[in-house]
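I opened this notebook to record what I looked up in a two-chain model. The entries below follow the order in which I consulted it.

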Amino acid sequence: MAVIEAPVKQPDVKKTPEEKSKKQLDQGFLVICWDDPVNLMDYVTHVFQAVFGWDRQKAEHHMLQVHKEGKSVLVRETFEKAEHYVHQLHKYSLQATLEPAS
Amino acid sequence: MKLLRRSESEVVFHLGKREHDAFCKLLDRYPMVPSDFSPLSRFADAEDVGGDQELLEESLTESKKESKTALHAMLNDGKHFHEVTRGWNLHLTPEEVDWLLQVFGDIRVGCWMKLGCPDEMKGKMPELTADNLEFYVAMDMCGRLQMLLLHSLRPTEDSGL
């Protein structure tokens, strides 16, 4: 019978934003919104306007890009700002992530 | 639910008695979407964003908890809902309309998840049963209410209501 040893719990060592790789920090992070089949197009447009302060035309352009191409790069920002935007988009239940710009 | 009037500072809707009941019961479902429904990142090094992911989820959970409290207040404080002869008038600021859009967005997406994340464009139809039909109805209701709320924020457009 195989003996499974209990896993050794390692202390949580998480990188702070300051410790993220210099390359990533230099190049910034992209905030990407991904397509989903549930959120209404008008709603997504509204969310982009509310979160980024864009006019309707720009918001609609990105909404259509999400709809037709499956995703849209919304902004390129520092990690902290990108994280803030992703958090805001998640509050509206949109599928959004931040990705290294490299 | 029908838009009665709007100004820069206030939007007023009328709800019949049954609509008011349905509105309240729909909002009872909030929140439905789990805080980990979307990753912070799909491609970034997990070690780089792991701690941030946890913080994000905690923050989202806290934010929804506050929203739930605010919803309870809205439904019961006597300031938002005014009883009229044939139902209720709902008074909202534009900021509250935006917040309700978030709330209905959560319920709509949550119902969609309960239905197995159907995607009709890709031929993945919802498998409706007597047990999950309520989610389909609630999802549809949320969508209709979202459209109504969105129209109320656009004074220059014909709302068609």
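Predicted model: local features only at pLDDT ≥ 70, side-chain atom pairs only at ≥ 80, totals over all residues.

The entries cover each chain in turn and then the contact between the two.

**Entry 1: chain A, overall.** I looked up the secondary structure and found four helices and three strands in chain A. Read from the N terminus, their order is α-β-α-α-β-α-β. Chain A has 102 residues, and 45% of them count as buried. I then looked at contacts in chain A between residues at least 6 apart in sequence, of which 67% join residues at least 24 apart.

**Entry 2: Leu74(A).** Leu74(A) belongs to strand S2 of chain A, which spans residues 71–77. Is Leu74(A) buried or exposed? Its relative accessibility is 7%, so I record Leu74(A) as buried, the cut-off being under 20%. Leaving aside residues up to four places away in sequence, I listed what Leu74(A) touches: Val31(A), Cys33(A), Phe48(A), Phe52(A), Trp54(A), His62(A) and Leu89(A). I also looked up one C-alpha separation: Leu74(A) and Ala96(A) are 22 residues apart along the chain, and their C-alpha atoms lie 9.6 Å from each other.

**Entry 3: chain B, overall.** For chain B I found four helices and four strands. From the N terminus on, I read the order as β-β-α-α-β-β-α-α. The C-alpha atoms of chain B occupy a box of roughly 60 × 35 × 30 Å along the principal axes. Of its 161 residues, 48% count as buried. Among contacts in chain B between residues at least 6 apart in sequence, I noted that 69% join residues at least 24 apart.

**Entry 4: helix H3 of chain B.** I looked up helix H3 of chain B, residues 94–114, which contains 21 residues. From first C-alpha to last, H3(B) reaches 30 Å, close to the 30 Å expected at 1.5 Å a residue. Why do I describe H3(B) as largely enclosed by the rest of the structure? The reason is that 16 of its 21 residues are buried. After H3(B) comes Gly116(B), for which I recorded a positive phi, near 90°.

**Entry 5: the interface.** I next examined where the chains meet. In contact are 30 residues of chain A and 38 residues of chain B. Together the chains bury about 3,200 Å², with 57% of that area on carbon and sulfur atoms. How many salt bridges are there between chain A and chain B? I found one. It joins the side chains of Arg154(B) and Asp42(A), at 3.9 Å from N to O.

**Entry 6: the side of chain A that touches chain B.** I looked up which elements of chain A supply this side. Helix H2 (41–52), helix H4 (79–91) and strand S3 (96–100) each contribute at least two residues. The largest share, six residues, comes from H4(A). By class, I recorded 14 nonpolar, eight polar and eight charged residues on this side of chain A.

Terms used
Residues numbered from 1 in each chain as written. Chains lettered and ligands numbered in written order. Heavy atoms only, no water. Contact = heavy atoms within 4.5 Å. Buried area = accessible area lost by both parts, 1.4 Å probe. Salt bridge = Lys/Arg side-chain N within 4 Å of Asp/Glu carboxyl O. Nonpolar A, V, L, I, M, F, W, Y, C, P; charged D, E, K, R; others polar. Expected span 1.5 Å × (residues − 1). Buried < 20%, exposed > 50% of the residue type's maximum accessible area, 1.4 Å probe, protein only.
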